[in-house]
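Have the viewer open and follow along.

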Amino acid sequence: MLKWSEVMRRARHGNPVAGRRVEKSDAQWRAELTPEQHHVTRAKGTERPFSSEMCGLFEAGRYLCTCCGEPLFDAEEKFESGSGWPSFTHPVQHDAIAYQLDLSHGMERVETQCSVCDAHLGHVFPDGPAPSGLRYCINALALRKSDAGEARATFGGGCFWCTEAVFEQLAGVSRVESGYAGGSTPDPSYQAVCSGQTGHAEVVQVTFDPSVVSYADLLRIHLSTHDPTTPNRQGADRGTQYRSIVLTHDDDQASVARQVLAEMAPLFDDPIVTEVRPLDSFYRAEDYHQDYYASNPNRPYCAAVITPKLQRFRARFGERLRAGATNTHAQS
Ligand SMILES: [Zn+2]
């Protein structure tokens with residue numbers, strides 16, 4: 001969690017470059033936003049205090065940038081400041097917000113902007129409650145409440161270290177867990193799954209916000225970032241545990257999966273062999289498999305297989321990366 005000293009350092013010396021960028025002309029922004037939203041977000045305006053019902057809303061959910069949809073704040077961090085503007089103690093992710101020194105009106109303040117599209121949001125002050133001690137004072141017109149809640153998706157496409165590393169980069173994805181599914185052995189170990197006898201595949205379970213990234217797009221990305229045409233195999237990894245699989249959580253997901261597979265079939269030289277079946281149980285993998293690539297970028301497998309895969313993924317899906325998605329860490 002950022003402290004005031006780090007906020008000031010970024011305001012004076014610059015912010016980390018966001019993994020995802022959205023840039024549009026002023027004419028495009030005017031076409032997409034109401035005049036009031038445009039005045040606040042693109043012309044650094046300020047709405048009248050107590051002018052929005054959002055101040056008094058505390059229901060669970062995410063607050064997204066009204067311009068680009070980037071998740072900025074969570075309702076859990078919202079508090080009643082009495083200022084007349086929605087107030088939060090900290091953003092959902094470290095790098096979701098960019099900080100700029102604002103010397104207007106004879107004051108020294110720190111302006112907050114969306115790090116993805118540079119929308120003006122409001123200001124941040126060092127007089128907030130614990131744990132951050134910060135008060136993000138944000139114009140309601142710069143925010144859009146996500147009502148969709150969270151959903152889950154479960155995919156396998158070879159080694160879960162790779163699959164996890166890809167989905168962790170995406171905007172709208174709040175959590176990715178590696179595990180086992182699709183087989184019959186209860187509570188399997190990694191060793192048992194590697195034997196190929198459990199029927200389980202190495203999979204990831206993705207928690208996502210459907211108002212930011214749809215299930216269909218997650219499927220398209222999944223099919224584009226592994227080879228869905230090689231039965232029980234990804235590159236040098238062979239065995240049923242490496243098969244391409246989509247485990248659906250409900251009938252809607254099953255029908256979307258069938259549509260997306262049909263839509264993408266013509267893009268491949270060979271038939272898609274991805275298995276689609278309802279999820280029975282997801283078994284979370286041992287702790288040392290979670291965030292494996294992020295924790296071990298220089299291990300030979302990561303450097304040789306995952307780093308190039310992530311570079312191709314980033315080049316192709318740059319617009320969809322979340323703020324703060326790291327560039328590949330591995331050194332060769
Ligand atoms: Zn934005």
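Here is a short tour of some individual residues and their surroundings.

This is a predicted model, in which local features need pLDDT of at least 70, side-chain atom pairs count only at pLDDT 80 or more, and totals for chains, interfaces and linings use all residues. Residues are numbered from 1 along each chain as its sequence is written.

Let's begin with a peptide bond. Between Ala130 and Pro131 the bond is cis, with omega near 5 degrees. Pro131 lies in the loop that links strand 7 (120-125) to strand 8 (135-138). Helices here are DSSP runs of H or I with at least four residues, strands are runs of E with at least two, and both are numbered from the N terminus.

Next come the phi angles. His105, a residue other than glycine, has a positive phi near 60 degrees. His105 belongs to the loop between strand 5 (97-102) and strand 6 (109-114). Is His105 buried or exposed? His105 is exposed because 6 other C-beta atoms lie within 10 Å; the cut-offs are 12 or fewer for exposed, 20 or more for buried, and partly exposed in between, with C-beta atoms placed from the backbone.

Asp291 is not a glycine either, and its phi is positive at about 55 degrees. You will find Asp291 in the loop between strand 17 (283-284) and helix 8 (292-295). With 16 other C-beta atoms within 10 Å, Asp291 is partly exposed.

Finally, look at Lys44, in the loop between helix 3 (35-42) and strand 1 (62-65). Lys44 has 17 C-beta neighbours inside 10 Å and therefore counts as partly exposed. Its C-alpha atom is separated by 56 Å from that of Cys194, 150 residues apart along the chain.
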